[in-house]
Amino acid sequence: MWISTKAQYGLRALIEIGKNPNQAVPLKDVADKQDISQHYLEQIASNLRRAGFIRSVRGAHGGYRLSRAPKDIRAWDVVVTMEGSLAPVSCLEDSDSCTKTGSCATEGLWKRVEDAIKDVLYNTTLEDLIKENVQLEHSKLVQLEPFYSHP
């Protein structure tokens, strides 16, 4: 199973927007900071807006803001919005798609895989991801600090 760039970039965009809670963030800024094509990001933002994760702000200082608090946005909801099903095999999504449903030797394994993915994504909020990202950025700055220090 692969998570597409739509879901990956969607989460990255939400993190970038969520790091600036008191201002609207232009998509150009998100695209630049996250190294994402602005055109592709516009398509992703449209899906995120329709799903109610972000809202647009018009005007000179326009852009996007989160529609909900970061603690109320689960990674699961974003990924499922962008991907659809996350079932690792089709029979978990549609039991009629397989004649072995209920008697398959590996069905339990795939169900556990699906449950583990759901558990991680469901229990990770945008607030968690923002905190992780801020810590990562801070640790990178601390590593670079000796190079910018003056004697």
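**Figure 1. Leu136 in helix α7.** L136 lies in helix α7 of this predicted model. With a relative accessibility of 45%, L136 counts as partly exposed, because that class covers values between 20% and 50%. R68 is shown for orientation: L136 and R68 are 68 residues apart in sequence, and their C-alpha atoms are 24 Å apart in space.

**Figure 2. The largest nonpolar core.** This core comprises 31 residues. Those with the most contacts inside the core are L14, L48, I54 and V78. Two or more residues come from each of the elements α1 (5-18), α2 (27-34), α3 (38-50), β2 (63-66), α4 (75-83) and α7 (126-148). Helix α1 gives the most, with seven residues. As a general background to this view, nonpolar side chains in soluble globular proteins tend to be buried together.

**Figure 3. The surroundings of Val78.** V78 is among the residues with the most contacts inside the largest nonpolar core. When neighbours within four places in sequence are left aside, V78 is in contact with G10, L11, L14, L48, F53 and I73. Of these partners, L14 and L48 are likewise listed among the core residues with the most contacts.

**Figure 4. The buried face of helix α4.** The buried residues of α4 are A75, W76, V78, V79 and M82. Viewed down the axis of α4, these buried residues fall within an arc of 165°, and they therefore line one face of the helix. The elements that cover the buried residues of α4 include α1, α3 and α6 (107-122). Just after α4, G84 adopts a positive phi of about 90°.

Figure 5. S85 is located in the loop between α4 and α5 (90-93). The relative accessible area of S85 is 37%, so this residue is partly exposed.

**Figure 6. The crossing of helices α1 and α2.** The axes of these two helices, α1 and α2, come within 10 Å and cross at roughly 115°. Helix α1 is therefore roughly perpendicular to α2. The crossing in which α1 passes α2 is right-handed. On the α1 side, the residues that meet α2 are R12, A13, E16 and I17. Their counterparts in α2 are V30, K33 and Q34.

**Figure 7. Asp35 in the loop between helices α2 and α3.** D35 is placed in the loop that joins α2 to α3. The relative accessible area of D35 is 67%, and the residue is therefore exposed. The backbone of D35 has a phi near 55°, a positive value in a residue other than glycine. In general, most residues other than glycine have a negative phi.

**Figure 8. Thr124 in the loop between helices α6 and α7.** Is the residue T124 buried or exposed? T124, found in the loop between α6 and α7, has a relative accessible area of 17% and is buried, because buried means under 20%. Not counting residues up to four places away in sequence, T124 touches I73, R74, A75 and L129.

Terms used
Residues numbered from 1 in each chain as written. Predicted model: local features only at pLDDT ≥ 70, side-chain atom pairs only at ≥ 80, totals over all residues. Heavy atoms only, no water. Core = buried A, V, L, I, M, F, W, Y, C linked by side-chain atoms within 4.5 Å. Buried < 20%, exposed > 50% of the residue type's maximum accessible area, 1.4 Å probe, protein only. Helix = DSSP H or I, 4+ residues; strand = E, 2+ residues; numbered from the N terminus. Contact = heavy atoms within 4.5 Å. Arc of directions from axis to C-beta. Axes fitted to C-alpha atoms, helices over the stretch in contact; angles between N-to-C directions. Parallel < 35°, antiparallel > 145°, perpendicular 65-115°, else oblique. Left-handed = near helix turned anticlockwise from the far one by under 90°.
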